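Hi everyone, thanks for making time today. I'd like to walk you through one model and a few of its aromatic side chains.

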Amino acid sequence: MKIKIDGQEIEAEEGERLIDIAARAGIHIPSLCYAPGFKHQSSCMVCMVRNLGNHQILTSCSTFATDGMDIDASSDDIKDLRKASLELLFSDHMAVCKEPCNVKECKLRLVGIEHRAKWNRHTRYSGVKKVEIQHIRDNLYFDVSKCFRCGLCVYNSNNGFTFKNRGFGMEVVLPKENYGNVDESHAALCPAQAIYVYPLPEGAKPGESKVSEVLKAEN
């Protein structure tokens, strides 16, 4: 089948996601809750695109191509929608961008900068209160106050992370009895540095840590 993204005609396979088709064609669509090859559910709304055929706004990480689609992935209107979504996520991200946060690997911060999103557009609020950072083991930690509940760690851990409560009070939790089922691969998946490695492995520099290597290896 053939579809168009930003006016570019692209061959697409049945069952292929719009975000992956765009990437293959060199068209950048950001996402925070999606990582190729991993389980996910659409939640961040940062990968929005518009179907020009019916003007419907779609999440490109969960929408599969159909023949003849004409997709707007890069207009100013779409970028403004993504910016609005990012600013809502920032209001629920109770973090300070300094150590131990490895800001050069924080996907939320990098995508926010890309879209010139403002951290203080909305009153910073989180249904999750500031709690003590969990030391999982060795140099692996979990700070729930940074988490905006994308779910990647939940969907891709076996008896590890899980959801607690619903609605605005929903949070990601890691029971102590599940610590042994979590490793650096979950830190690599986390787009908000809520799961992180600190200090960095010996000899590594910010932006060059072993966390990046884990994610590359699994893809």
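**Around Tyr 196**

Let's start with Tyr 196, which is buried, with a relative accessible area of 4%. Keep in mind that this is a predicted model.

So what sits over the ring of Tyr 196? The charged end of Lys 146 does, 4.6 Å from the ring centre.

Searching the whole structure turns up three aromatic pairs. One of them joins Tyr 141 and Tyr 196: the pair is stacked, at 5.6 Å centre to centre with 15 degrees between the planes. Because Tyr 141 belongs to strand 7 and Tyr 196 to strand 10, this pair ties together parts that are 55 residues apart in sequence.

Another pair is edge-to-face: Phe 142 and Phe 161, 5.1 Å centre to centre and 75 degrees between the planes. Phe 142 lies in strand 7, while Phe 161 is in the loop between helix 4 (152-155) and strand 8 (162-164), so here the parts tied together are 19 residues apart in sequence. Both Phe 142 and Phe 161 are buried.

Let's turn to the strands themselves. Strand 7, residues 140-142, pairs with strand 10 in the antiparallel sense over three bridges, and Phe 142 has Ile 195 as its bridge partner in strand 10. They belong to an open sheet of three strands, order 6-7-10, with antiparallel pairing.

Conventions
Residues are numbered from 1 along each chain as its sequence is written. This is a predicted model: local features need pLDDT of at least 70, side-chain atom pairs count only at pLDDT 80 or more; totals for chains, interfaces and linings use all residues. Side-chain values use heavy atoms; hydrogens and water are left out. Two strands pair if DSSP finds at least two bridges between them. Helices (H or I, at least four residues) and strands (E, at least two) are DSSP runs, numbered from the N terminus. Rings of Phe, Tyr and Trp (its six-membered ring) pair if their centres lie within 6.5 Å; planes under 30 degrees apart count as stacked, over 60 as edge-to-face and the rest as tilted. Buried means under 20% relative accessible area, exposed over 50%, partly exposed in between (1.4 Å probe, protein chains only). A charge sits over a ring if NZ of Lys or CZ of Arg is within 6 Å of the ring centre and within 35 degrees of the ring normal.
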